[in-house]
Amino acid sequence: MGLKGVVLAGGTGSRLRPLTFVTNKHLLPVYDEPMVYFPIRMLVDAGIRDIMVVTGGESAGDFMKLLGNGEAFGLDHLEYGYQKGAGGIAEALGLTRYFIGSDDVIVVLGDNILEKPISAAVDRYRKQGGGARVLLKRVPDPQRFGVARVEGERVVEIIEKPKQPASDLAVIGVYMYDNAVFEIVAGLKRSARGELEITDVNNAYLKLGKLQCEVVDGWWTDAGTFESLFHAAQLVHAQRTSAPR
């Protein structure tokens, strides 16, 4: 079974207005590169050569202008998908079904930036034999995230934005799924905010006893607010300037 990559780069970017009145959030710079470069390179470094970028809004054509056919990243194939409106992360994943075919999939949210490669985690996912794998990070403010309670490598509970978190382990925006994910997405009901939620996908795997996890090394940030976008730029700047030339 093959493994393909998906970068989810839609959404309205409402928390970054007025910057996002004129462009998609994922085209904004993080230090010296557009934000969308980071998740693409994360997948490429893990050996993924077939990627779909799902975007939306009025700036969708700008992704093609920026990324072209993906040749600059060493991709065999780069495809584009379009999500109308803000129907949620799981809805966007559902749009990739024909691109993924019968393969498994690694999904990265387009504003997630990690210090270290995910290649070892991807290798462990390949060896686990189906199911799902999520990446976790210890954070000081878990109430902002989906929070996982774990036993060894197995997730026993995920609670979305809990007032009293059971742990400090946030579920970050890197998800690995077998092909059954598309049936799971097809069976989801919309949440109170009218979206198909990725936490519901993860909980479906959890109920099947097929959700494994691991805690990532190094720093992680998303870049969806002014604070986190600024913080991401500082982290990337420090990494670039400390790297041996």
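**Strands, helices and rings**

Student: How many residues of strand S1 are buried?

Tutor: Six of the six in S1 (residues 3–8) are buried, so the strand is largely enclosed by the rest of the structure. Buried means under 20% relative accessible area, exposed is over 50%, and partly exposed is in between, with a 1.4 Å probe and protein chains only. Helices (H or I, at least four residues) and strands (E, at least two) are DSSP runs numbered from the N terminus.

Student: What should I keep in mind about the model itself?

Tutor: The model is predicted, so to speak with care: local features need pLDDT of at least 70 and side-chain atom pairs count only at pLDDT 80 or more, while totals for chains, interfaces and linings use all residues. Residues are numbered from 1 along each chain as its sequence is written, and side-chain values use heavy atoms, with hydrogens and water left out.

Student: Back to S1. Which residues cover each side?

Tutor: Leu-3, Gly-5 and Val-7 are on one side, Lys-4, Val-6 and Leu-8 on the other, and all are buried.

Student: Which strands does S1 pair with?

Tutor: S1 and S6 (residues 104–109) run parallel, joined by six bridges, and Val-6 has Val-107 as its bridge partner there. S1 also runs parallel to S4 (residues 50–55), with four bridges, and Leu-8 stands opposite Val-54. Two strands count as paired if DSSP finds at least two bridges between them.

Student: What is the charged end of Lys-4 doing?

Tutor: It sits over the ring of Phe-99, 5.2 Å from the ring's centre. That label applies if NZ of Lys or CZ of Arg is within 6 Å of the ring centre and within 35 degrees of the ring normal.

Student: New topic: how many aromatic pairs are there?

Tutor: Searching the whole structure gives four. Rings of Phe, Tyr and Trp (its six-membered ring) pair if their centres lie within 6.5 Å; planes under 30 degrees apart are stacked, over 60 edge-to-face, and the rest tilted. One of them is Tyr-37 with Phe-73, edge-to-face at 5.1 Å centre to centre and 85° between the planes.

Student: Where do Tyr-37 and Phe-73 lie?

Tutor: Tyr-37 is in helix H1 (residues 37–45) and Phe-73 is in the loop between helix H2 (60–67) and strand S5 (77–82), so the pair ties together parts 36 residues apart in sequence. Tyr-37 is buried at 19% relative accessibility, and Phe-73 is buried at 15%.

Student: And what about Phe-145 and Trp-220?

Tutor: Their ring centres are 5.6 Å apart with planes at 65°, so this pair is edge-to-face. Phe-145 is in the loop between strands S8 (132–138) and S9 (146–151), while Trp-220 is in strand S13 (residues 220–222), 75 residues apart. Both Phe-145 and Trp-220 are buried.

Student: Which tyrosines form a cluster?

Tutor: Tyr-175, Tyr-177 and Tyr-205, linked by ring pairs. Two of those names come up again with Asn-202 in helix H7 (residues 198–207): Asn-202 touches Val-134, Ile-158, Val-171, Tyr-175, Tyr-177 and Leu-211, leaving aside residues up to four places away in sequence. Contact here is heavy atoms within 4.5 Å. Asn-202 is buried at 2% relative accessibility.

Student: Now H8. Which of its residues are buried?

Tutor: In H8 (residues 226–242), the buried ones are Ser-228, Leu-229, Ala-232, Ala-233, Leu-235 and Val-236. They cover an arc of only 165° around the axis, which puts them on the same side of H8; the arc is that of the directions from the helix axis to the C-beta atoms. Glu-227, Phe-230 and Ser-242, on the other side, are exposed.

Student: What do the buried residues of H8 pack against?

Tutor: Strand S2 (29–30), H1, strand S7 (112–114) and S13. H1 is itself mostly covered, with seven of its nine residues buried.

Student: Last one: where is the cis peptide bond?

Tutor: From Arg-17 to Pro-18, with omega near 10°. Pro-18 is in the loop between S1 and S2. Phe-21 is found in that loop too, and Phe-21 is exposed at 59%.

Key:
The expected span of a helix is 1.5 Å times one less than its number of residues.
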